[in-house]
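Colleague: Please take one part of this model and go through it closely. I would like to hear about the core and what surrounds it.

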Amino acid sequence: MGLLFHLGRYALFLKRVFARPEKCKILIKQIFREAEKLGTNSIGIVAIISVFMGAVITLQTAYNIEMPFIPKYTVGLAARDSILLEFSSTIVSLILAGKGGSNIASEIGSMRVTEQIDAIEIMGINSSGYLILPKVLGLVFMMPFLVILSMGIGITGGWLAGSLSGVVSSVDFIYGIRYAFQPFYITYSLVKASVFAFLIATISSYHGYYVEGGSLEVGIASTKAVVVSSIQILLFNLLLTQLLLA
Amino acid sequence: MIEVVNVNKTFHSKQILFDISARFEAGQTNLIIGQSGHGKTVLLKSIVGLHTIDSGQIIYGNEVFSAMDFKEQRNIRKEIGMLFQGSALFDSLSVEENVRFPLDMFSDMCNEEKLDRVNFCLNRVNLENVNKLYPSEISGGMQKRVAIARAIALNPKYLFCDEPNSGLDPKTAIVIDNLIYEITKEYGITTIINTHDMNSVMAIGEKIIYIHQGKKLWEGDKEDIFTATEQSLNDFVFASELFKRIKQKS
């Protein structure tokens with residue numbers, strides 16, 4: 001019953017979010033503001049996670065396939081495929097669900113409990129469209145860039161860790177990352193990331209928008225937003241993988 | 001003019017408003033008074049359309065506002081200004097951007113005209129040199145004045161104030177009351193104020209309706225209140241020793 005209630009309310013919420021905007025000029029301005037807040041300001045954390053992620057994948061792969069009949073370049077190949085197919089899109093999305101999702105839910109939730117949303121509604125403005133559409137479009141727009149950045153930094157991290165630790169030579173690693181390259185892996189990863197961005201922005205906004213109470217409830221909504229977004233990311237990861245790769 | 005006709009409202013199977021009817025005239029300060037939790041804010045939010053009423057009518061001028069959907073209500077909503085209990089200024093916007101917000105959304109003014117209007121509204125509420133400050137950087141009284149400036153930016157026909165004096169010291173509260181009163185007279189606005197501040201009632205109560213447990217029990221002006229026979233109203237208004245002495249003297 002609770003699940004059906006939330007699904008129904010989420011669907012109606014999305015209908016309002018995607019209703020015709022009040023003024024396109026203001027919407028565009030807000031999209032860029034949100035893209036900066038949710039996307040550009042996350043570059044640091046994405047870079048740090050990616051470099052360590054790439055390094056660890058490379059080292060783990062190298063230690064696991066330390067056999068004479070497996071060529072060394074396989075380390076680069078496995079690291080590349082792991083990063084491209086899974087880690088850059090899913091891990092970065094999970095991190096952003098924590099950082100961006102809690103930010104969105106607490107911002108919208110605070111606006112709800114301090115009657116700022118009521119103030120917008122009273123003016124005759126569709127508050128969900130005005131506040132949330134720019135966040136959704138901003139994050140969906142920025143996510144592919146963050147994922148591409150993560151891929152580049154992740155592979156660089158792997159290359160650095162591999163060559164500095166001596167588990168794989170620079171030449172072998174670079175040969176590996178160029179070997180049997182499938183451009184579709186990038187498309188697949190970017191499609192996934194865009195869907196995840198949509199889920200993070202809408203689910204977090206939904207939890208913030210319907211907060212009732214005070215600051216305690218805003219905190220609870222923020223936590224719920226992160227948990228639900230993360231679970232949905234994992235669920236849709238499975239669905240999209242089956243749809244796009246099977 | 002705003003008219004409320006036989007309004008009923010229920011929340012989670014608990015009835016909050018019982019058959020309330022009232023008429024609020026233009027160019028005067030109309031006060032809704034009553035204890036906390038007795039339905040004042042629900043009535044105010046029902047009048048502005050933030051709550052959907054179960055039965056009855058909310059009429060703005062000659063138009064039945066409560067029968068319209070969100071899109072149809074837009075034209076009337078553009079003529080509404082509202083001052084919330086906690087000011088409800090947008091935290092992420094500066095004072096200037098807050099006052100400018102309704103102009104950006106609904107007017108076709110150029111940037112210069114908007115800035116002139118913003119400065120005019122801020123001057124009208126006696127605020128200067130605060131344009132670039134954020135709500136968190138100004139006092140509660142100043143926030144209320146910025147909220148009034150935002151509410152009057154589009155020359156509204158209707159002004160709603162929910163507990164405009166809450167959290168303010170008595171002197172600042174009088175400043176806010178006077179400001180609301182002056183603006184109401186100056187622009188001929190239909191103003192409805194929710195309050196339980198007796199100083200406001202005595203200072204600007206041109207028309208007062210008293211709500212008790214969701215029912216309208218009394219209606220009159222600030223002079224009539226001294227001769228009212230409604231017991232719960234007397235218990236509420238003359239709760240303090242000071243007001244009891246005032247009543248005895250009158």
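Modeller: Two residues are in contact if their C-beta atoms, placed from the backbone, lie within 7 Å. On that basis, B:F160 touches B:L44, B:V48, B:I80, B:M82 and B:I192, leaving aside residues up to four places away in sequence. The model is predicted: local features need pLDDT of at least 70, side-chain atom pairs count only at pLDDT 80 or more, and totals for chains, interfaces and linings use all residues. Residues are numbered from 1 along each chain as its sequence is written, while chains are lettered from A and ligands numbered from 1 in the order in which they are written.

B:F160 is among the residues with the most contacts inside the largest nonpolar core, as are B:M82, B:A149, A:L139, A:M143 and A:I200. This core has 127 residues. A nonpolar core here is a set of buried Ala, Val, Leu, Ile, Met, Phe, Trp, Tyr and Cys residues joined through C-beta atoms within 7 Å. A residue is buried if 20 or more other C-beta atoms lie within 10 Å of its own, exposed if 12 or fewer, and partly exposed in between; the C-beta atoms are placed from the backbone. Helix α4 (residues 73-113) of chain A gives the largest share of the core, 16 residues. Helices (H or I, at least four residues) and strands (E, at least two) are DSSP runs, numbered from the N terminus. In chain B, the core lies between domain 1 (2-79 + 158-249) and domain 2 (88-155), because both give residues to it. Those domain bounds come from an automatic or database domain assignment.

The two chains also touch: 15 residues of chain B are in contact with 13 residues of chain A. On the chain B side, α2 (70-77), β6 (80-83) and α3 (95-106) each give two or more residues. That side has nine nonpolar, two polar and four charged residues. For this count, Ala, Val, Leu, Ile, Met, Phe, Trp, Tyr, Cys and Pro are nonpolar, Asp, Glu, Lys and Arg are charged, and the others, Gly among them, are polar.

As for chain A, its secondary structure comes to nine helices and zero strands. Of its 246 residues, 48% count as buried. Among contacts in chain A with a separation of 6 or more, 88% are between residues 24 or more positions apart. The C-alpha atoms of chain A fill a box of roughly 70 × 40 × 35 Å, taken along the principal axes.
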